[in-house]
Amino acid sequence: MRLRISSHLFVFAVVSFAIMGLAGFFTKVAFTLMLMATHHPPAFTRGLLYPRDSETREVRCLDGMWNFIASDPRHPAKGIEEKWYERDLSKAGPTIPMPVPASYNDVTTNSSLRDHIGTVWYDRRFFVPQSWIDKTVWIRFSSVHYEAIVWINGNRALRHEVGHLPFEADITSFLNYGQENRVTVLVDNVLIQTTVPQGNVLEMPTDFGMTLVQQYTFDFFNYAGIHRSVHLYTTSKIHIEDVIVSTDIDEETGIINYKIMANDTDDDSLVAFVQICDADDNVVATNTTPVNEQASIEIRNVKPWWPYLMHPQPGYLYKMEVFLSTSTEKNIDIYRLKVGIRTISWNTTSFHINGKPMYLRGFGRHEDSDIRGKGLDLALLTRDYDLLHWIGANAYRTSHYPYSEEAMEFADEAGIMIIDECPSVDTTNFNEALLTKHKSSIEQLIHRDKNHPSVIMWSIANEPRTAELSADSYFENVAKFTRMLDPTRPVSAAIAVPLQNDRAAKHMDILMFNRYNGWYSNPGELNMISSRVIEEATAWHMKHQKPVIMSEYGADTVEGLHLLPPFVWTEDYQVELFSRHFKAFDVLRSRGFFVGEFIWNFADFKTAQTVTRVGGNKKGVFTRSRQPKAVAHHVRRRYFKLANDLDNAPVPEDLFPYLSDSGSSCKFGRDEL
């Protein structure tokens with residue numbers, strides 16, 4: 001197994017349910033994990049290169065319809081006790097078809113499945129050709145939420161904890177070659193105080209007896225299931241295990257610093273031939289070095305990676321081809337990946353890319369859509385990036401968890417900058433067990449996304465309870481750990497507590513704060529927004545002498561609801577609230593330390609059922625079906641005006657619809673038909 005994470009939640013859960021029953025279970029789980037975690041520091045991830053075909057590798061996708069059973073919430077260990085993984089799930093009881101990738105919650109009309117707490121089971125059969133018998137065969141899951149155990153033909157292959165991140169295992173010895181095989185997956189969605197993110201499970205009375213209720217404070221639905229693609233892929237016995245890349249620019253020369261990691265560290269004859277091709281597939285540089293050693297390669301007349309609207313050719317990517325050889329055999333493994341060459345730097349007031357100050361304008365987002373929940377949807381992903389370009393955004397935050405690897409590759413190609421956030425949201429009750437899981441989630445995130453040029457910052461938490469006394473040392477520890485893993489990008493967290501109560505911001509490189517003036521604070525009072533935003537952002541900078549980003553602001557808005565004068569929940573109020581923030585942002589930009597504005601949210605999304613949410617959170621600029629509200633056009637005009645003012649970016653012809661001969665004199669309008 002390549003991913004070795006110290007996780008004891010499910011094993012302990014099964015034993016506890018079997019021995020002690022339900023009463024007191026979750027309290028004892030949390031306490032036991034707290035004790036265990038002090039002796040299990042975060043493990044370091046190995047492998048997990050994104051599956052790609054090459055001359056030496058073959059990839060097969062296992063996406064499609066799987067068989068599915070939801071366990072009885074009061075007896076989640078039954079499948080383990082009865083060893084459902086040793087035979088087809090259909091032998092254990094009636095199954096239903098379940099699409100992979102997808103969340104299972106909204107696929108059916110069954111409310112008990114939508115709100116299910118505990119374990120569910122998936123299985124399917126797959127064929128392995130006889131030609132793979134001399135290869136190493138891997139199974140790779142791009143994301144399962146929250147915890148997963150995987151069996152191949154009844155043999156346990158691996159266990160993984162923390163959703164939204166990939167994991168894999170060498171299953172070579174478990175397979176029947178030239179025959180059918182079976183993969184079985186147990187998924188547990190329970191969140192407690194030592195999971196990332198946190199939650200609580202309570203036993204509560206109903207009309208029909210006691211039931212379990214999952215509680216959490218974060219404001220998005222706890223979708224669960226096999227959320228992203230499942231792949232089989234092959235490698236040679238000795239193979240490229242990882243590629244680690246960082247870049248620099250020296251005048252007109254691009255520098256790619258790299259390390260090629262091989263799984264066999266004892267063979268001194270292993271060498272890697274590296275070839276860099278430009279976007280037209282012309283070879284522009286080559287180098288040969290031993291594996292597992294730091295090396296570099298130079299590209300003359302480099303074309304840097306630039307964000308969208310900061311350069312006429314944004315998102316420029318080179319192709320890095322790696323050929324692994326031994327002293328006796330050439331090209332035993334070949335792997336290719338895209339590389340963007342750029343530099344990131346920051347100081348007390350500004351944030352630079354390729355030596356040029358950048359101003360981030362974008363959104364908080366969610367992986368969320370109707371029916372499929374958080375399941376990977378390439379059509380939706382394509383639409384979202386088209387909308388990001390249409391509206392003139394150059395960045396977003398992966399609130400509040402890592403997004404799909406396909407989304408990250410889209411960002412590389414599209415020139416969209418990413419603040420990459422780990423799954424720690426509303427973090428509280430700080431302790432050693434939680435710290436271990438938190439650091440593990442960050443390690444896995446950085447391991448996965450380290451090579452993406454679009455990733456410009458690591459966010460280590462969203463709205464943690466940083467007024468707590470223990471938050472100081474906790475976030476000092478997490479921030480230092482993150483910098484140890486990657487010193488090339490700044491570290492931040494989206495902070496929601498007031499400045500005077502916060503204990504974490506001093507440990508960050510760039511300050512992000514969330515505030516909802518005119519909504520949660522003084523709702524309806526549009527005249528209480530601009531000055532408050534200016535005062536708070538200035539105070540954050542003055543106290544810590546670091547660049548500042550407003551990482552969330554917004555207002556819930558019901559599509560099609562209008563009132564004049566503007567009133568809360570209307571499209572008119574959302575437009576006016578944004579305008580008051582825009583005014584504040586322009587004042588802050590003139591003061592020289594304010595480096596970004598992020599709207600909450602890109603699109604409406606589902607939440608848990610509460611009386612403050614009508615079918616979910618409605619703060620989206622776009623509806624859940626990705627259609628614009630009135631404010632989307634308003635934001636589009638601002639974002640393109642900023643791009644024009646700051647980087648001389650061209651203005652779309654349809655940005656200002658024709659009004660009249662006299663009304664078209666705005667410098668951002670069309671000069672002629």
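This is a predicted model: local features need pLDDT of at least 70, side-chain atom pairs count only at pLDDT 80 or more; totals for chains, interfaces and linings use all residues.
I began at D248, which sits in strand β15, residues 240-250. Strands here are DSSP runs of E of at least two residues, helices are runs of H or I of at least four, and both are numbered from the N terminus. Residues are numbered from 1 along each chain as its sequence is written, and side-chain values use heavy atoms, with hydrogens and water left out.

I looked up the exposure of D248 and found it partly exposed, at 35% relative accessible area. The classes are buried under 20%, exposed over 50% and partly exposed in between, with a 1.4 Å probe and protein chains only. The areas are Shrake-Rupley values.

I then checked the charges on the surface. D248, D250, E251 and E252 form a patch of negative charge there. Patch members have over 30% relative accessible area and no salt bridge, and like charges are joined within 9 Å. A salt bridge is a side-chain nitrogen of Lys or Arg within 4 Å of a carboxyl oxygen of Asp or Glu. I took the place of each charge as CG of Asp or CD of Glu.

For the whole protein I counted 11 helices and 32 strands. The radius of gyration is 26 Å, close to the 26 Å of the globule rule for 673 residues, so the protein is as compact as a globular protein of that length. The radius is taken over C-alpha atoms, and the rule is 2.2 Å times the number of residues to the power 0.38. The C-alpha trace spans about 75 × 70 × 50 Å along its principal axes. Of the 673 residues, 60% count as buried.

Next I looked at H438, in helix α7, residues 432-449. H438 is buried, with 0% relative accessible area. From H438 to N331 I read 39 Å between C-alpha atoms, at a separation of 107 residues in sequence.

The V100 to P101 peptide bond is cis, with omega near 5°; P101 is in the loop between β3 (96-100) and α4 (111-114). L564 and P565 are also joined by a cis peptide bond, omega about 5°, and P565 is in the loop between β31 (548-552) and α10 (571-590).

L309, which is not glycine, has a positive phi near 75°. L309 lies in the loop between β19 (294-299) and β20 (318-325) and counts as buried at 9% relative accessibility. E463 has a positive phi near 50°, in the loop between β28 (455-462) and α8 (471-485).

Methods:
Patches are made of residues with over 30% relative accessible area and no salt bridge: like charges are joined within 9 Å, nonpolar side chains (Val, Leu, Ile, Met, Phe, Trp, Tyr) within 5 Å. Accessible areas come from the Shrake-Rupley method with a 1.4 Å probe; for residues, only the protein chains shown count as cover. Lys and Arg count as positive and Asp and Glu as negative; His and the chain ends are not counted.
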